[in-house]
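This briefing is meant to be read alongside the sequence and the structure.

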Amino acid sequence: MKKRVSMLKKIICTTFAIIVTSLSTYANQIDEVPRLLKEITCALESRDSAYIKLDNVFRRLEKLDTLHAGVILRKLCEKSLENDDEQQAYCAMLMTGVYYFDHEDYKTSVVYLERATAFCHKKRQTTYVWYLKGVNYLNLKMLGIAQECLSMVVRQSEGDSCMNIVRCEAYNALSKYFEATDQKEIAYQYLKNYTQLFDSISKSSVEGFYQVLPTKMHAKYYQRQAYFDNKEQLVELKDLNKYKTVGIIAMLALAIGASILGLNAKLANTKLQKMNNAMDNKTEELSAKTSQLEKANAELAKLSVVAGETANAVYIVNQTGTVVWINKGFENMYGLNLQQYIAMNGENIFNSKCAARSKAFEQCRSTHKPQTFETNYSYASKTGNWIQSTITPVTTNNGEISQYVVIDTDISRIKNAETEIKNQNNILTRQKEDLENKNKQIENQRDELEFKNKKIFHQNEMITGGIRYAQTIQNLILPEKKTISQHFENFILYRPKDIVSGDFYWFYAKNDNTFFAAVGDCTGHGVPGAFMSVLCSRMLDETIVNENQENPSTILTILESKIVSALKQRENSNADGLDISLCRINRQKTGAEVTVAGAKSFFFYPDGQKTEIFKGTRKSIGGIFTEMKKRKFENFVVMLKENDCIYMSSDGIIDQNNDNRRSMGSLRLAEIINNCKNLPMSLQQQKIEENINKWQQNSQQRDDICLIGIKITQHQC
């Protein structure tokens, strides 16, 4: 007995020593990790020996028990956040992300790497984290986000020779991305960049970098996984041996029983037969239940996959309001494990601080029906996130609720989209209202404009009617073509710029041998010019017909005096005047003597084979008084033969421009007249008009046009 007690004491002491040693080792590992992380921080900040230092740190980290490393690293993350140590938090988050990457838990790795990004204050730290995130997203088949991360690595590492290896690996990963998206040419270009940059890096730098990549830890993971697989096989073999032993013992027991009860064999056989039948029935029942259980387990496995892989947060609450289970999506969404969530929100979720959640649970308990609600929830480093929660009760056969299944879905994008749509609708509504107001204003302005247009149209009709009546009056003072044709062959080219004209022509036959003809150009055109033309035409009648003046230069001098007096130009600033060409034709037996006087006018006459121009005195009749006004009008006499032609013109044709803004000029007009002077007068007019139209093309008429031609002939019948 004493020996047994002594032996039991030894076993207890040995077990206690093993436990103490394990706890001590675990404590040392917890203390070792912070020291390693500090060394990693120094290594990442170093320029010259970063890869060597990192290699040493990873070698020491590999010596730790990887089964506890995840727990240690997560606790260190929490501790660094409590201590508000950003440098330690960065290292802890980074190493935790690397740990989960090494164990192919890429989603969890991304979560911790995203948190590490928030504590990056140096460009190299950020670049390395972006590279690890990009590779994680490639493994998760999230190619678009992976491409953005890796492109960020290429941009941030540009120009930093210490980050050449990271940029090189980013090129390699990008080539795989573009190859996976069937963009062969771009993939080839990135592969080419990778090869060129890789060849330019020293061998020691390459080896140092690849020693610290997380892929080095994969081999250890696979070895451990193979150990677990072998361990499961050993357990199965052990269970099988145990069943064999039990079977042998049972067979021995039956043999012994049979020998002892040999005398009651028939009775025993009968009982045994009943027992066998009962056992067969139980076996069949057990087989059926086993089949049902297998199906249930299969369904449960599928549900487990769905609950584990979904991005939604799924958690189970028991009938007392305690959260008893959460999925991985819950940790990813809220950044909290089960213990942290309970510590933050309390053990009883029925008494949640969120009024909507408490109300939904109360309704679910009372109605036994699923409830859905929305909350604006802030978690981790994110604020203003909208969560849609669905609470589904799970009832027993008695109809009592045994537990609740809650599914939280992040609907922030939908809410943001709804808000954006609402804002856009508000903007569109305001724009519509503004547009309607503007349309009303436009309609009012249009109505007002239509009224004004009608009024203006009516006024224009009245003004135009008055001007047309003035045209009728002006035409009455112009000599009729047949009056001139009674004495000479002639043509009259008369084109007012407006309805009425400031240009006019004048003719008077004193007797069968003496005739007067004139072409005048009054200041302006339209109505003002028309008034001046009527005034000047009447003054010519007074001077030549009533006062019997015959000398052209004297007539112009008298005409100037009358205009200055009539318009009171010596008393006011009126500058209206008259340019005129006046000729007296004295018919003779073989031709005619033509005496001409002019005021800035144009008189064309034949001189052998040419057509010459007499421009008169370079001053206007009336207008502003200058030194030029002291000039006197002079006569010009030319002897003409039978059938010679003379022409008098205002400056309307001469100043008319073409599309190139060039004026026709008096010389070009003289050339046109010379080319057609031997034609009948009607054909001469036609040719001159054709040349004017050809020259003018699409240009507007600038001034009134007046040109008359007279052929020297004997008395016309």
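Predicted model: local features only at pLDDT ≥ 70, side-chain atom pairs only at ≥ 80, totals over all residues.

The protein chain contains 21 helices and 16 strands, and of its 717 residues 40% count as buried.

**Helix pairs**

- The crossing of H16 and H18 is left-handed, and the residues that make the contact are Ile467, Gln474 and Ile477 on the side of H16, with Val527, Ala530, Ser533, Val534 and Ser537 on the side of H18.
- Two packed helices are described by the angle between their axes together with the distance between the axes.
- For H6 and helix H8 (residues 164-180), the angle is about 20 degrees and the axes lie 11 Å apart, and H6 and H8 are therefore roughly parallel to each other.
- The crossing of H6 and H8 is also described as left-handed, with Thr127, Tyr128, Tyr131 and Leu138 of H6 making the contact with Val166, Glu169, Ala170, Ala173 and Tyr177 of H8.

**Residues within helices**

- Lys133 is found in helix H6 (residues 123-139), and with a relative accessible area of 1% Lys133 is buried, because buried means a relative accessible area under 20%.
- When neighbours within four places in sequence are left aside, Lys133 is in contact with Leu113, Glu114, Thr117 and Cys149.
- Leu535 belongs to helix H18, and its relative accessible area of 17% places Leu535 among the buried residues.
- The C-alpha atoms of Leu535 and Cys522 are separated by 9.8 Å, the two residues being 13 residues apart along the chain.

**Residues within strands**

- Ser581 is located in strand E9 (residues 577-587) and counts as buried, at 1% relative accessibility.
- Not counting residues up to four places away in sequence, Ser581 touches Ala517, Ala518, Val519, Val596, Ala597, Gly598, Ser601, Phe602, Phe603 and Met648.
- Tyr508 is located in strand E7 (residues 503-509) and counts as partly exposed, at 22% relative accessibility.
- Beyond its neighbours within four places in sequence, Tyr508 is in contact with Phe515, Phe516, Ile544 and Val545.
- Tyr508 and Thr483, which are 25 residues apart in sequence, have a C-alpha to C-alpha separation of 9.1 Å.

**Loop residues with positive phi**

- Most residues other than glycine have a negative phi.
- Asn548, by contrast, is a residue other than glycine with a positive phi, near 60 degrees.
- The position of Asn548 is in the loop between H18 and helix H19 (552-566), where Asn548 counts as partly exposed at 48% relative accessibility.
- Gln697 likewise is not a glycine, although its phi is positive at about 50 degrees, and Gln697 is placed in the loop between helix H21 (681-696) and strand E16 (705-711).

**Contacts and surface of the whole chain**

- Of the contacts in the protein chain with a separation of 6 or more, 61% are accounted for by residues 24 or more positions apart.
- The accessible surface of the protein chain comes to about 42,900 Å², and carbon and sulfur atoms hold 54% of this area.

**Confidence of the model**

- The average pLDDT of the protein chain is 76, and 73% of the residues score at least 70.
- Among the elements of the protein chain, strand E15 (residues 645-649) has the highest mean pLDDT, at 96, while helix H11 (residues 218-260) has the lowest, at 39.
- Over residues 207-265 the pLDDT is below 50, and the model gives this stretch 41 contacts beyond near neighbours in sequence.
- For residues 11-30 the pLDDT stays under 50 as well, and the model has eight contacts for them beyond four places in sequence.

Key. Residues numbered from 1 in each chain as written. Heavy atoms only, no water. Helix = DSSP H or I, 4+ residues; strand = E, 2+ residues; numbered from the N terminus. Buried < 20%, exposed > 50% of the residue type's maximum accessible area, 1.4 Å probe, protein only. Contact = heavy atoms within 4.5 Å. Areas by Shrake-Rupley, 256 points an atom, 1.4 Å probe, with all protein chains shown as cover. pLDDT = per-residue confidence, 0-100. Left-handed = near helix turned anticlockwise from the far one by under 90°. Axes fitted to C-alpha atoms, helices over the stretch in contact; angles between N-to-C directions. Parallel < 35°, antiparallel > 145°, perpendicular 65-115°, else oblique.
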